[in-house]
Amino acid sequence: MSKNVSDKIVEMLVEAGVKRVYAVTGDSLNPVNDAVRRDGRLQWIHVRHEEAGAYAASMEAELNGIGCCMGSSGPGHVHLVNGLYDANKAGNPVIAIASTIHTEKMGLENFQETKPELLFQDCSKYVFQANTPKQAINGIQTAIQHAISKKGVAVLGLPGDVAAADLEDVHSANNIFYTEPRITPSKENLLELANIINANEKVMLFCGHGCRDAVDEVMQLAGLLKSPLGYSFRGKIFFERTGNPYAVGLNGLLGNKSGFEAMHEADVLLMLGTDFPYSEFLPEKCKIIQIDTKPERLGRRAKVDFGYCGDIKSTLQELIPMVVTKTSTEFLDKMRSLHQEIETIYDGYVEEKGAEKHIHPEYVAHVVDKLASDDAIFTVDTGMSAVWAARYLKAGRNRYLTGSFNHGSMANAMPMAIGAGLSYPKRQVIAFCGDGGISMLLGDLMTISQYQIPVKIIIFNNRSLGMVKLEMRVEGYMDWQTDMVNPDFVKLAESMNIAAWEAKESKDVEAAILNGLNHDGPAIINIFTDPNALAMPPTLNFEQIKGFAKSMTKLMVNGKFAEIVDTTKSELKYLKEIL
């Protein structure tokens, strides 16, 4: 039997390092499905929704360097879009096969017809519609090369008749080329950078995900400069540990006062490997230096004075010998003292464990951090569950944390955990899920069940869209349509052959989490948390305070005085974070 186009595509995916494909098969995708079955080297993961497959593939790419998802004609590949947006913004190399209707039916508004070359343009680094066998093979090689070199999504539009067609010889390579260039600024730029650092006493380091492979170098530089070390949410898991004498916490929407003030009191802010999106939290009065592998990012978030292109590890290795050791620890000591005050406040929230069905989510996150393994992989939903992860999850020997930090989508944590759990079945994979997030892609709990993926899902069940509720109140709106009526998650899990535990009171939390983490297989831990738990930003402006007061007045006018009392009781404690 001669090879067809799909056979060759499967061979090239294997050559690229792809281990599994996340997809829902059907119609135009069936030739690829059959090729995967006959080849036998790729695992086909039958997800219930293609969006979940895209998130799982993105997580696999983030952990291992490449991932793959597929969607069939029209609606099937349209479902991929949200997850692919997330992958592309996160810089995760994902290959997406968007199978389409047969070529002779195109352009006639046929059943399930779409135009992949237009549809995926904004969420990919490369998209190509192949209409001949030769184009398909050229296209898949180019797509894979784009994904791994440009760090993002590459999409191949593949008509069903082309996928099933006999293979034709092409001029493009059969190989995939992984290149790892060492990128550093020029010697002149490095000398300029060193001179700026040496001439200023108060230097702060602010580190993002780009420091993932440069933790030792960052710590060495911080030691030489006696520098406070802050981090973005995506960078925190590499640096936020009890034994880090330079850590001052996060800045940004989920940041804290010490991370914010260290940045604003510095003479020089050195931004390393971060495309920090919250411009309003960045300083305007100090010198800002930014180093990134992508020079197009330099200066787009802040008033950067000096921008350099380089990978953080190589750049710091070249820079460190040029840096003069500083002796004063006054700036560092002041910021570390403030950071410790904030940590003490966070510890206080943990001690106040909450009432029945109003368990403090801070306590839950603290317990997870305490019980999780030293190399756990955490995925976190967007929303309040991300807040508790930001505040309480700490670095371990080899812990990793991720979420939809650039795209900001709901429902990401559970499908990301699917990708992590299949990639590393021997490591503990823990998903921090909001009840809103888990409900959105609830069907893919059956994917976890079907493949018995040993992920542990913590549901912060606050019966509301908590972050949206807070946003509305701060902006002066009366929160409306933010409450949720949830299913019984324990019964739901059991009906899906997933073990489950529940905590309605704080005394049951530790046992529920411990049972779930120790279970040999997938587990759900449903915890009824306080819907009025808040997350204070590192600073508040007058308009936010005025908006909050305005929303409380509206609640009173609309006869919700009891809710105001409950809200005030919960929220007054958070004011000490910013006072």
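A nonpolar core is a set of buried Ala, Val, Leu, Ile, Met, Phe, Trp, Tyr and Cys residues joined through side-chain atoms within 4.5 Å. Buried means under 20% relative accessible area, exposed means over 50%, and partly exposed lies in between, with a 1.4 Å probe and protein chains only. The model is predicted: local features need pLDDT of at least 70 and side-chain atom pairs count only at pLDDT 80 or more, whereas totals for chains, interfaces and linings use all residues. Residues are numbered from 1 along each chain as its sequence is written, and side-chain values use heavy atoms, with hydrogens and water left out.

The largest nonpolar core has 129 residues, and those with the most contacts inside it are Leu84, Leu205, Val218, Phe233, Phe432, Leu445 and Ile457. Helix α3 (residues 50–64) supplies the largest share of this core, eight residues. A second, separate core has 37 residues, among them Val10, Met12, Ala143 and Leu158. In soluble globular proteins, nonpolar side chains tend to be buried together.

The C-alpha trace spans about 75 × 65 × 45 Å along its principal axes. Of the 579 residues, 58% are buried. The chain contains 23 helices and 20 strands, where helices (H or I, at least four residues) and strands (E, at least two) are DSSP runs numbered from the N terminus. With contact defined as heavy atoms within 4.5 Å, residues 24 or more positions apart account for 75% of the contacts with a separation of 6 or more.

Helix α5 (residues 81–90) is mostly covered, with seven of its 10 residues buried. These are Val81, Gly83, Leu84, Asp86, Ala87, Asn88 and Ala90. Glycine 91, with a positive phi near 75 degrees, follows α5. Asparagine 92 lies in the loop between α5 and β4 (94–100) and is buried, at a relative accessible area of 3%. Leaving out residues up to four places away in sequence, asparagine 92 touches Ser58, Ala61, Glu62, Ala87, Lys151, Gly152, Val153 and Arg234.

Helix α10 (residues 215–225) has as its buried residues Glu217, Val218, Leu221, Ala222, Gly223, Leu224 and Leu225. Their cover includes α9 (187–199), β7 (203–207), β8 (229–231), β10 and α12 (312–319). Lysine 226, whose phi is positive and near 50 degrees, follows α10. Leucine 205 contacts Val218, Leu221, Ala222 and Leu225, and also Ser227, Pro228, Leu229, Gly230 and Leu270, when neighbours within four places in sequence are set aside.

Isoleucine 289 belongs to strand β11 (residues 287–292) and is buried at 0% relative accessibility. Beyond its neighbours within four places in sequence, isoleucine 289 is in contact with Leu193, Ile196, Val268, Leu269, Leu270, Met271, Phe306 and Tyr308. Glutamate 280, in the loop between β10 (268–272) and β11, is exposed at 58% relative accessibility.

Two glutamines complete the account. Glutamine 452, in the loop between α18 (445–450) and β18 (455–461), has a positive phi of about 45 degrees although it is not a glycine, and is partly exposed at 38% relative accessible area. Glutamine 481, in the loop between α19 (466–474) and α20 (489–495), has a positive phi near 65 degrees and is exposed at 60% relative accessible area.
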